[in-house]
Amino acid sequence: MKKILHFVSAFLITSVLLSSCQMKKEATMKFHTVKLRFAENHVGTTPAALADKEFARLVEEKTAGRVRIEVVTGGALTETSAEAIEALKNGDIAFTRISSTPLATYVPKINAIQLPYLYRSSSHMWNVLNGKVGQEILGDVEKAGVGLVGLCYYDAGSRNFYSTKEIRSVSDMKDLRVRVQGGLMNDMCKALGAVPVTGIEMSLVRENIESGNIDAAENNWPTYQSTGDYTVAKYFVLDQHTRVPEIVIASKKVLSSLPSDDVKAIEEAAKLTQEFEIAKWKEMEASAERIVRANGNMIIDLPSRSLEEFQNAMQPVYDKYASNFGYILREIQNTK
């Protein structure tokens, strides 16, 4: 009898162990962590990079660890926006953050949301981007059929002129040699009577101002301060001529390989990350402004009459870049 009980006991223990092993095996098969890469060209302490990392945290949380994102900063994966876009198309990376400008090649409507003197304020821009126009354009990134998916917008502040001389009216812009990136910014400067100068890297603007090769440049508060340009171009004009948003985009190829629930979690995390990035941007912008003002620079806040003069000078630019997007401009103008 004892032998029978011993046999039964051993059988039961073995069965339990086998059952436990089978359950663990099934759990392992059901739970497979997918590791994806996010290419970020900015250094890790910038608002964009910090937001990328918050995005990664939220995605892991929302997918219960099924999707983990490695954010690689400093351009270690892709050095340029063009490289990042190609890597996304091929599925070599899963996500990146770039200026909206390069995407205008695939979605021409994007030109309409980055025209000069378009937005009345930062809040006006965000109401547009999070409203009908902005979300339609975000959806058009995927509809373009090039293997990209738009997830959300990031803030990059407003761009302003800074110079070695005072600028208070359009007449003050005449023959001013202004470093710009090219494209639409070239036409903006020409419309104001200035001479656009391209081919100068952002890191070399300061020495070109010092040597007299250029008289001015244009950028946001943090760049003006962090590059040291504020030490050689003492006049900063708050004309806020452009607000060019940045966009977090994903690889269609990568997203298509994921379960629909995880894709939904990624989309939800991106929307939450946008607010995080905006807050971080505002912090950095305020810090840069404090440093510049403490340096004694002249900050020129254009009165509405002067600002209107700058806006009116943009008609040739609007005719060239927005002639097919009248309905978008009307929608933007009607947005509060």
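This is a predicted model: local features need pLDDT of at least 70, side-chain atom pairs count only at pLDDT 80 or more; totals for chains, interfaces and linings use all residues.
The largest nonpolar core has 57 residues, and L115, F161, M173, V178 and L192 are the ones that touch the most other members. Which elements give two or more residues to this core? They are helix 3 (81-90), helix 4, helix 5, strand 4 (148-154), helix 6 (184-191), strand 10 (246-251), helix 12 and helix 13. There's also a second, separate core of 26 residues, with A48, L58, A269 and A270 among them.

If you're wondering about the general pattern, nonpolar side chains in soluble globular proteins tend to be buried together.

## A closer look at V178

What does V178 touch, once residues up to four places away in sequence are left out? Its contacts are F161, M173, C189, A194, V195, P196, V197, A216 and A217.

Now take helix 13, which runs over residues 326-334 and has I328, L329 and I332 buried. These three sit on the same side of the helix because they cover an arc of only 100° around its axis. Turn to the other side of helix 13 and you'll find R330, Q333 and N334, which are exposed.

So what covers the buried residues of helix 13? The cover includes helix 4 (122-129), helix 5 (132-143) and helix 12 (315-321).

## Cysteines and disulfides

A disulfide is a covalent bond between the sulfur atoms of two cysteines. How many does this structure hold? The count is zero. As for individual cysteines, C152 is buried, with a relative accessible area of 1%, and C189 is buried too, at 0%.

Definitions and conventions
Residues are numbered from 1 along each chain as its sequence is written. Side-chain values use heavy atoms; hydrogens and water are left out. Buried means under 20% relative accessible area, exposed over 50%, partly exposed in between (1.4 Å probe, protein chains only). Helices (H or I, at least four residues) and strands (E, at least two) are DSSP runs, numbered from the N terminus. The arc is that of the directions from the helix axis to the C-beta atoms. Contact means heavy atoms within 4.5 Å. A disulfide is a pair of cysteine sulfur atoms within 2.5 Å. A nonpolar core is a set of buried Ala, Val, Leu, Ile, Met, Phe, Trp, Tyr and Cys residues joined through side-chain atoms within 4.5 Å.
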